[in-house]
Amino acid sequence: MAAYGGASSMINNYNDTRGPIDRDARQMGTRSLPARPGSTTIRPGGRFAPPIQNPEEPEPWDQISDEHRSEIQDCFHLFDMNKDDQLDFSEFRYALQSLGLGQVSRPELITRFQERARPRADWTPLPTIPNQPPPSQTPVVADLRLSKEGFQAIAAEYLAQRDPREELLRTFAMFDKGGKGIITIDDLRIVVKELGEDVPENEMQSMIEQFDIEDKGGVNREEFLGIFLAG
């Protein structure tokens, strides 16, 4: 889900250097979201823009790109299976995985979940059963639910801390069909088709030629990183 945004970002970066070519139709998942009330932060528009360092707005939600913020909201609604605007722990875990955060350990996830989750509305302690250990008088992880605001805060903190190169390299590996070490015009055709983009052949060829600094017939990892990380 997350990695394919890099294809549109690559196309948009090319358009930014060559002038608008049906740009609005090609921007996928980059709709702007309102800032937190009272916030004056100007957020990066692209997925791979570095976090904003603004001491007056330290919240992670204000430090990540609009595209990442949109993905966080989409993931919450996708994994809120019963549409009650809350996630149980399993839904929370899978939602983070869909954002590319599957490397976070389960104990850490449980801790983060417990920090912000609250008991479900109908929770009450279990009744005591004779000759058995007394039931817990406090909610366990299975009894907790995480609000949308809580999920946004946790996911945004992880994304703000992540090295953008990690996501870029995962994206590069998806584009580089067969692990050749370069993205060729054939690879770009496949990705554009999978995204449902309408990019003329001559524009795709121009993209490769523009970013292929060494004229080797494709874009290597270093050049791919340079497309997005050049400040």
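Trainee: Hi! Where should I start? How far apart are the end C-alpha atoms of residues 67-102?

Mentor: Hello! Those end C-alpha atoms lie 19 Å apart, and the span is 64% helix and 6% strand. Keep in mind that this is a predicted model.

Trainee: Okay, noted. Which UniProt annotation covers that span?

Mentor: The record calls it "domain: EF-hand", and the entry is unreviewed. The same annotation also covers residues 163-198 and 199-231.

Trainee: What about residues 163-198, how far apart are the ends there?

Mentor: Over that stretch the end C-alpha atoms are 31 Å apart. The chain there is 64% helix and 6% strand.

Trainee: Let me zoom out for a second. How many helices and strands does the protein have?

Mentor: There are 10 helices and five strands. Of the 231 residues in the protein, 44% are buried.

Trainee: How many bridges join β1 to β3?

Mentor: Two bridges do that, and β3 covers residues 144-147. You can find Q86 standing opposite S147 in β3.

Trainee: New topic: which residues have the most contacts inside the largest nonpolar core?

Mentor: Look for I72, F92, L96, L99, F113 and F151, in a core of 26 residues. The elements giving two or more residues to this core are α3 (66-79), α4 (89-98), α5 (106-116), β3 and α6. The largest share comes from α6, with six residues.

Trainee: What does F151 touch?

Mentor: Leaving out residues up to four places away in sequence, F151 touches I72, F76, L87, F92, A95, L96, L99 and L146. Apart from this core lies another one of 19 residues, among them F172, V192, M204 and I227.

Trainee: You mentioned α4. Why is α4 largely enclosed by the rest of the structure?

Mentor: It is because seven of its 10 residues are buried. Those are F89, E91, F92, R93, A95, L96 and S98.

Trainee: So what covers the buried residues of α4?

Mentor: The cover includes α3, β1, α5, β3 and α6.

Trainee: And what caps the N-terminal end of α4?

Mentor: D88 does, with a side-chain oxygen 3.2 Å from the backbone nitrogen of S90. After α4 comes G100, whose phi is positive, near 85°.

Trainee: Last one, I clicked on G181. Where does G181 lie?

Mentor: You'll find G181 in the loop between α7 (164-175) and β4 (182-183).

Trainee: What does G181 touch, then?

Mentor: Not counting residues up to four places away in sequence, G181 touches F172, D176, V219, N220 and R221. G181 and R221 are 40 residues apart in sequence, while their C-alpha atoms are 6.9 Å apart in space.

Trainee: And across the protein, what share of contacts with a separation of 6 or more comes from residues 24 or more positions apart?

Mentor: They account for 60% of those contacts.

Key:
Residues are numbered from 1 along each chain as its sequence is written. This is a predicted model: local features need pLDDT of at least 70, side-chain atom pairs count only at pLDDT 80 or more; totals for chains, interfaces and linings use all residues. Side-chain values use heavy atoms; hydrogens and water are left out. Two strands pair if DSSP finds at least two bridges between them. Helices (H or I, at least four residues) and strands (E, at least two) are DSSP runs, numbered from the N terminus. UniProt positions are given in the numbering used here, feature names are shortened, and annotations may be inferred rather than shown by experiment. A nonpolar core is a set of buried Ala, Val, Leu, Ile, Met, Phe, Trp, Tyr and Cys residues joined through side-chain atoms within 4.5 Å. Buried means under 20% relative accessible area, exposed over 50%, partly exposed in between (1.4 Å probe, protein chains only). Contact means heavy atoms within 4.5 Å. A polar contact is a pair of N or O atoms within 3.5 Å; within protein, one must be able to donate a hydrogen and the other to accept it, and residues adjacent in sequence count only if both atoms are side-chain atoms.
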